[in-house]
Amino acid sequence: MQMVNRPYAAAFEAYATQHPEVLCLSADLTSSCEIDGFRDRHPDQFLSLGMAEQNMLSFAGGLGLAGFRPFLHSFGVFLYRRPYDQLMASIAYPRRRVRLMGFLPGVTTPGGMTHQAIEDISVMRTIPNMTVLEAGDATEVESIVAEADTVDGPVYCRILRGAVPRLFDTPLKIGQMRVLSEGDDVLVVTAGITTEEAIRARGALSRAGVSVRHLHLNTLKPFDAAQIVAHASSVRHGVITLENHLVAGGIGSMVAEALAEAGLPRRLIRLGLQDTYAHGGSRPYLMRHYGMDALSLVRAVERLTGQTTGIDEAALEGVRIDAVHSLVKAEAL
Amino acid sequence: MRNEKSTEAIAHAIRSRVFEHTIRNNGGYLSQACSAAEQLAFLYNEGLNLGPSTMPMIPPPFTGVPSAQNPDYVTGAGYNGPFDAVHDRLFIAPAHYALVAYACLIEVGRMAPEGLEMFNKDGTSVEMIGAEHSPGMEVHNGTLGIGFSTAAGLAWGRKRLGHTGRVCVFMSDGEVQEGQTWEAVQAAAHHGIDNLWAIMDVNRQQCDGAMDDVMTVGDIATKLRDFGAVVAEVDAHDLPAMRAAAAIPHPGRPLIVLAHSRPTQGMESLMSRFPRLHYVRFKSDEERARMNVEIAAELGIAPVKLEAH
């Protein structure tokens, strides 16, 4: 698997320098959001707003009113949890073309509860006028910049940083989910880092005789309920959602709503954080601990099909372990 | 756009109109008219470079909130003139001053008196708490403390675009209890945003009563200066002083004029309610009738003719 170093940094710089009405805003996490090079090379297009997210969001609303399209860079959790009122009143309600670039979604940060955006999808998708995107690989990180900027309104993006695997060779297109396999036993719906986990599981499941239909979502709002229902209706045993997020309000909820509204009776297992906070730790540890990894998916498939597969950790593709300190990640956070 | 009436006359007319509305409706944001009449009259009549209103004199009915399915949505900004490079913008940060702001729009000829009859009536845009689509409102400011931040962003953007028009915020002193206000002032100073200024109605009142009882805020002027603003302090009812303060150069920094006001200015009878002044609702028919006579006499106008119940 090809790994790409800091795909966001290069993609944002290439795009923003061609669009002077795009502004780069940061709240004191400039290198952590891979825009330090942009700051150094294009200081006229960069605005440091300091550790003051409430002001940054309303300020961005004002920039939007002036006709600019600010890209706000911070950890995802800092873009909505404290400044929620500002997000509503200054950005979402008036449909400002503000691009919220949320780094370190879910358990991709070792920073613990304060740093982990585990309810961002549930919050963002209930906000009228908001578009919600999530990048699942280096290609999607690269293409999310220009694609988000096509939206006539605010956009929240879950961004991956550092060394990111390249899984796809076509760019992210809003509203176009990826059908990664077309099996007919079980439907698996993933997004972001959980797609890589499902790919790890799929090979072993296939060898064990389980035919998986696998969908990768990059557009969480607007949510294509009709497509989900169509895929769900073509599998035998049911649906499993696997998300880097609380199961309440996120992809699991969206799929449940889609099935219920369509009146399609299918069993549904929602994997992800089960009404719990996470804590600080490495990504593989957290995904295992909270039941969000490939092996958890295999066990869920077994519950759904009623068959044991005999798959254990050794049978799965290897787990990537990122170093806490590396050249692509300046600091631990 | 200079009105033919004097700013003093407009301020008096704002008080009279809000008084009449409050008596007739048995409630209203009356003390805000007392404290802010000169400030809003000054901004609309001489302090700001506003073009003529682009909106109908009688406000159109509510036409829906912003959404992709509502392409005809407009804000109330047009009442403050066209959004172009040369004209100023005005944000009314304390959106509950809407009644006073609407009265001001009428007195400066930007809205018909019929507009105020729509106040707080279902299906109109003339909402009790000024919304983005209400006459004279340009953005949502109903949660206090977000106005100056939005204005700072707009001002930064206008500067980059080469606009000569400035951005002004009418603020209230209670907003200094919100942390965001301080974030906004420090950001405006850090980025040298000097096409931005504000008048703050320092009436020392808030919803629960006198600010000193609710939350002590200390010396607002010193704190604002420490955060990087140029600050002037004036008597809010002294228009020559307000003119001088608004003209203070403030290169590289925002200007904030603290207008020290009296929440009963022009209606001393209201002191009998002190410190419950945030929203005046008369406790009895007797109080309403007495206030009607007493305040009308103070304003030099006839009492409101009340229908017999």
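Contact here requires the C-beta atoms of two residues, placed from the backbone, to lie within 7 Å, and elements are DSSP runs numbered from the N terminus, with helices (H or I) of at least four residues and strands (E) of at least two. The model is a predicted one, in which local features need pLDDT of at least 70 and side-chain atom pairs count only at pLDDT 80 or more, while totals for chains, interfaces and linings use all residues. Residues are numbered from 1 along each chain as its sequence is written, and chains are lettered from A and ligands numbered from 1 in the order in which they are written.

Helix α3(B) is mostly covered, with 10 of its 10 residues buried; among them are B:L99, B:Y102, B:L105 and B:E107. The helix is followed by B:G109, which has a positive phi near 80°. Helices α2 (residues 30–47) and α3 (residues 98–107) of chain B pack at an angle of about 45° with their axes 10 Å apart, where axes are lines fitted to C-alpha atoms, for helices over the stretch in contact, and angles run from 0 to 180 degrees between N-to-C directions. That angle makes α2(B) oblique to α3(B), given that angles under 35 degrees count as roughly parallel, over 145 as roughly antiparallel, 65 to 115 as roughly perpendicular and the rest as oblique. The crossing of α2(B) and α3(B) is right-handed, that is, the near helix is turned clockwise from the far one by less than a right angle, anticlockwise being left-handed. On the α2(B) side the contact involves B:Q32, B:A33, B:A36, B:L40, B:A41 and B:Y44, which meet B:V100, B:A101, B:A103 and B:C104 of α3(B). The residues of this contact divide into nine nonpolar, one polar and no charged, with Ala, Val, Leu, Ile, Met, Phe, Trp, Tyr, Cys and Pro taken as nonpolar, Asp, Glu, Lys and Arg as charged, and the others, Gly among them, as polar.

Helix α1 (residues 7–25) of chain B also packs on α2(B), their axes coming within 8 Å and crossing at roughly 140°; the two helices are therefore oblique to each other, and their crossing is right-handed. Residues of α1(B) in this contact include B:I10, B:I14, B:R15 and B:F19, and those of α2(B) include B:L30, B:E38 and B:F42. The contact of α1(B) with α2(B) comprises 12 nonpolar, three polar and three charged residues.

Between the chains, the contact takes 25 residues from chain A and 23 residues from chain B. On the side of chain A, α3 (53–65) and α4 (84–92) are the elements that give two or more residues, and α3(A) supplies the largest share, nine residues.

Elsewhere in chain A, helix α8 (residues 225–232) has A:I228, A:H231 and A:A232 buried. Viewed down the axis of α8(A), these buried residues fall within an arc of 100°, so they line one face of the helix, the arc being that of the directions from the helix axis to the C-beta atoms. The face turned away from the buried side carries the exposed residues A:A226 and A:A230.

Technical notes
A residue is buried if 20 or more other C-beta atoms lie within 10 Å of its own, exposed if 12 or fewer, and partly exposed in between; C-beta atoms are placed from the backbone.
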